[in-house]
Each structure stands twice: as structure tokens, then as C-alpha cells.
Amino acid sequence: MTPGEAAVLLGGPVEEVAPRLLGATVTVGHVVVRLTEVEAYGGADDAGSHAHRGRTPRTAVMFGPAGRLYCYLSYGMHVCANVVTGSEGRASAVLLRGGVVVAGVDDARVRRGDRPDHELARGPANLCRALGVGLHHGGMGSSPAWEQGTAGGAPRPNRGQHDAAHAGPRPERARRRCWHSAGMDVLQPCPCGSGSPYASCCRRAHLGEASPTAEALMRSRYSAYALGQAGHLFRTWHPRTRPPEVRGVPDLAWEGLTVTQAVDGGPEDDAGLVAFEARWRSTTTGERGVLRELSRFERRRGRWVYVEPDPEG
């Protein structure tokens, strides 16, 4: 990206610039990451910003020009990166919170270890680690290459969050602005293993479209577990059997799904059974295993919902 292009893309108010970066790609060496989550930080008027107290040797880069990286250590060990935005002389930056590796996966995996592809750049520190971004990339150092892209669907603002790792001296006054797209590159293969792109597969259910069959809903629920979309799990669980709070399993990475049987559950049915095998890996111990279940589904108010494991499964 040329300086002129950077000025157009990054030169406006930080809360306007941040959602524009969804879908943009960042290239360092052979690794390319498409951004899926970003967070806006201002300057003197933002108590959560490192520039809240004004210009210092550490924060000078945040005062421009736009397009440079402001890199820092979170908790003294994890490199996080922000792209500087706005007009020169006024501090603002966008924290790169997460993305999807779209090129150089092998290099990223060397840095991140044995992780599913969609987890390689999930989270600010993991994104930097996958790219190989270090403190030396900040300020006057060699900056990554930027290319503008399009976000995977309309960006969704998540207002009021506060990132403690980026906190200033009075975090209670901070008002975070966080935007994210679908949580993964929508053109990548869907986690459910259908072979179709996520955009034309489970993402449609995650955005609220009714699943046509019980198997389709089961696949969308597996993808929701893989992508951490607890809201979809809650909405598609029958109220009769649904627990008060539905969460994913934070210490498990889901690595593959095989549907072994589907009984009924079609467009003209009111109930169905789906048998599946879901492969998992513990992110803390590295242990691997397979979850096998025969799931019961019912049609409720015209939409398929998960009920419970079948006791005979």
C-alpha cells in the first residue's frame, strides 16, 4: 500500500477506520493474514489508550503518520500490534485482534505449533506470532505490507468492551469499540467438513437462516463449537432441555467432523436423528479424542432445534 493509499484508508477518525480494516490483509514475509477482528483506541480522550497521557518515547509512533505499526508487550511477554490511524499529530490506532492465515500457513504453523488453521491467528498475540511480528516492526522499523480487502459480511460492533492488556491508568473511563466479522475467512472451507466455503455453508445458519435439515443444523452447531459462537448454540437448543447458560469448551480445539448416519430430519419431517463423530484436541495437554453421539432433533415453530443425545445412541 502506498503512502497515499494509506492516508485514504487510515486517515479518518479511528472509529470509522477500524471497521474498514476487516477483510484487509497484512503480509510479513511469506505469511498473509486477513483481518477478522479489530479494536479502536483514541488518544487523550481514551483512558484505555497508551497515549492517554500524551506523547512519550514509547507512544510517539501513535501520533502518526498513519500506516505505521505501534507494537508493545502485553503482560511483558506477548507482542501485540496496532496500526496507526488518523491525522498526524493526534494519537489513535487500531488493535489487530484476530485474523485468518490465507497464505504461508506452513510458516505460521511452525511459529504457532500444532493448531487448526482457523486458530493460527486468533487473538492479538497469536496473530503477531503467526506473522512473525516483533517489537522491531514498530515505529521506524520495517512495516508489514497492507492490502485493502472486504470484510466477510457486515462488521458487527461490540461496544463497551475493555481490553485489560491495553489498559491505561483509569480503565473504568474507557469505552472500547470492537468490530469482528465471521470469526474466520468466509471463503475458507467450512469447519463442518462439507467441503463448501464457510460463506455458503454454516455461516448462513450462524447469521440466523433456518437450517433445511436436522443434519444441516447439527453441522452448524459443530461449526459454532469450533468457532466459539455460543449464541448460535443457545438459539438452536430446545428450551425444554437447554441449560440456563450455554458455552463452548474453551480448552478444546475441534479438528474434524464425520456424520455417520442421518435418520429422517428432512424438509418434510418433524423429528430426526443424526449420528456423528467429532474429533477434539486438548489445548492444555495435547490429548486427542473422539466424541461420538446420536443426537435427537425436532422441528419447533418451523425451525430445527437440537433436543438431546438419544439414550439408545
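Over which residues does pLDDT stay under 50? I found that stretch at residues 149-176; pLDDT is the predictor's confidence in each residue, from 0 to 100. The model still has 75 contacts beyond four places in sequence for residues 149-176, a contact being heavy atoms within 4.5 Å. Where pLDDT is low, the predicted coordinates should not be read in detail. For the chain, the mean pLDDT is 82, and 82% of the residues reach 70 or more.

**Ground rules.** This is a predicted model, so local features need pLDDT of at least 70 and side-chain atom pairs pLDDT 80 or more, while totals for chains, interfaces and linings use all residues. Residues are numbered from 1 along each chain as its sequence is written, and side-chain values use heavy atoms, with hydrogens and water left out.

**Overview.** I noted seven helices and twelve strands; these are DSSP runs numbered from the N terminus, helices being H or I with at least four residues and strands E with at least two. Of the 313 residues, 48% count as buried. Buried means under 20% relative accessible area, exposed over 50%, and partly exposed in between, with a 1.4 Å probe and protein chains only. Among contacts with a separation of 6 or more, 56% come from residues 24 or more positions apart.

**Cores.** Next I looked up the largest nonpolar core, which has 30 residues. Such a core is a set of buried Ala, Val, Leu, Ile, Met, Phe, Trp, Tyr and Cys residues joined through side-chain atoms within 4.5 Å. Leu21, Val101, Leu127, Leu131 and Val133 have the most contacts inside this core. Strand β2 (31-41) gives the most to it, five residues. Another core, of 25 residues, lies apart from it and includes Met218 and Trp280.

**Helix α6.** Eleven of the 14 residues are buried, among them Leu217, Met218 and Tyr222. The cover over those buried residues includes α5 (202-206), α7 (230-235) and β10 (271-282). Glycine 228 follows α6, with a positive phi near 75 degrees.

**Cysteines.** How many disulfides does a search of the whole structure find? The search finds zero, a disulfide being a pair of cysteine sulfur atoms within 2.5 Å. The closest cysteine sulfur to that of cysteine 71 is in cysteine 128, 6.1 Å away, which is too far for a bond. Cysteine 192 is in no disulfide either, with the nearest cysteine sulfur, that of cysteine 201, 3.7 Å away. Cysteine 192 is buried, at a relative accessible area of 0%, and cysteine 71 is buried at 12%.

A cis peptide bond joins glycine 64 and proline 65, with omega about 5 degrees; I placed proline 65 in the loop between β2 and β3. Aspartate 264, in strand β9, is not a glycine but has a positive phi near 55 degrees, and it counts as exposed at 58% relative accessibility. Arginine 301 is not a glycine either, yet its phi is positive, about 55 degrees. I found arginine 301 in the loop between β11 and β12, exposed with a relative accessible area of 75%.
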